[in-house]
Amino acid sequence: MDNHSSATEFCLRGFPGSQDLRSTLFALFFFFYLVTLMGNMVIITIISVDRRLQSPMYFFLTHLSVLEILITTIIVPVMLWGLLLPGMQTISLTGCVVQLFLYLAVGTTEFTLLGAMAVDRYVAVCDPLRYNIIMTSRTCNSVVIVSWLFGFLSEIWPVYATFQFTFCKSNLLDHFYCDRGQLLQLSCDDTLFTEFILFLMAVFIIIGSLTPTIVSYSYIISTILKIPSASGRRKAFSTCASHFTFVVIGYGSCLFLYVKPKQTQAAEYNRVASLLVSVVTPFLNPFIFTLRNDKVKEALGDGVKRCCHLLKD
């Protein structure tokens, strides 16, 4: 490429290595993807049909499962196709813009929703008598709508700013998707100021949604410790355990990936962190919210029994 033209398509390097390694990775990630789709679809279906799960917590969980399906579907099929190709995979400039925007928008929506879920658990544990008054259907719908709108609207400028640069150094992205850090490395322009603004926005979104989670769980833990009986403490904590586990895994991986002053970080570092966000976390979501939640386990068991009875009949 010459110094005056900008890339109109990009080559995704993906996972370098032998064809045997790529075939193994394809089988592994394809398995993860199928389990993610089926597991989260099962959660959505169970919550939709079981009347015991018609509460704000499970309403939010339905949307969280939808977001997990979306975030892995935005990334993984492209990654799998790249592992099958003998050469390097190409993606158009438009495709790159769409993929990056959807990935960031869905991720931001998820952070916002996780913060709202933490507040929901705070009200359930610390103010149970007023729970049904505070967490009404109207409130829950409003929270979800605001989360989705904020997620998508807040990422318009960052993506627009990223693609205002001229990508004339190369069109090779050392990643399995259109990673912003890799895109900025290809720019011939000075990206330092934009990277700093993007860093501040990442801090605002991630830390901003993490703050209500930390505050809520501080009060939750304090309230639980005041419960005199051990069985009461276990029951109270069981209502929060799934969400807390997911928060630790989700925020932990994203803090490593996005909250750093320099967007253009080592490719291997970005690849591993991106796998945690787009593959591992969505894969674990169904297990976290079923194995650590008694109500979901009961509903799932009843659903399996009903299916068995229908098959016998």
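Biologist: Why is Lys 169 called exposed?

Modeller: Lys 169 has a relative accessibility of 56%. Exposed means over 50%, buried under 20%, and partly exposed in between (1.4 Å probe, protein chains only). So 56% counts as exposed.

Biologist: What kind of model is this?

Modeller: This is a predicted model, where local features need pLDDT of at least 70, side-chain atom pairs count only at pLDDT 80 or more, and totals for chains, interfaces and linings use all residues. Residues are numbered from 1 along each chain as its sequence is written, and side-chain values use heavy atoms, without hydrogens and water.

Biologist: Where is Lys 169 found?

Modeller: In the loop between helix H6 (156-162) and strand S3 (172-173). Helices (H or I, at least four residues) and strands (E, at least two) are DSSP runs, numbered from the N terminus.

Biologist: What does Lys 169 touch, not counting residues up to four places away in sequence?

Modeller: Gln 185, Leu 186, Ser 187 and Cys 188. Contact means heavy atoms within 4.5 Å. A polar atom of the Lys 169 side chain also lies 3.4 Å from the backbone oxygen of Ser 187.

Biologist: How do you know that Thr 281 is buried?

Modeller: Its relative accessible area is 4%, so Thr 281 falls on the buried side. Thr 281 is found in helix H10 (residues 267-291). Its side chain reaches the backbone oxygen of Leu 276 at 2.7 Å.

Biologist: What makes H2 roughly antiparallel to H3?

Modeller: The axes of helix H2 (residues 56-84) and helix H3 (residues 93-126) come within 10 Å and cross at roughly 160°. Axes are lines fitted to C-alpha atoms over the stretch in contact, and angles run from 0 to 180 degrees between N-to-C directions. Under 35 degrees counts as roughly parallel, over 145 as roughly antiparallel, 65 to 115 as roughly perpendicular, the rest as oblique. Therefore H2 is roughly antiparallel to H3.

Biologist: Why is H2 called roughly parallel to H5?

Modeller: H2 and helix H5 (residues 137-153) pack at about 20°, with axes 10 Å apart. That angle makes H2 roughly parallel to H5. The contact includes Phe 59 and Leu 67 of H2, and Val 144 and Trp 148 of H5.

Note on methods: A polar contact is a pair of N or O atoms within 3.5 Å; within protein, one must be able to donate a hydrogen and the other to accept it, and residues adjacent in sequence count only if both atoms are side-chain atoms.
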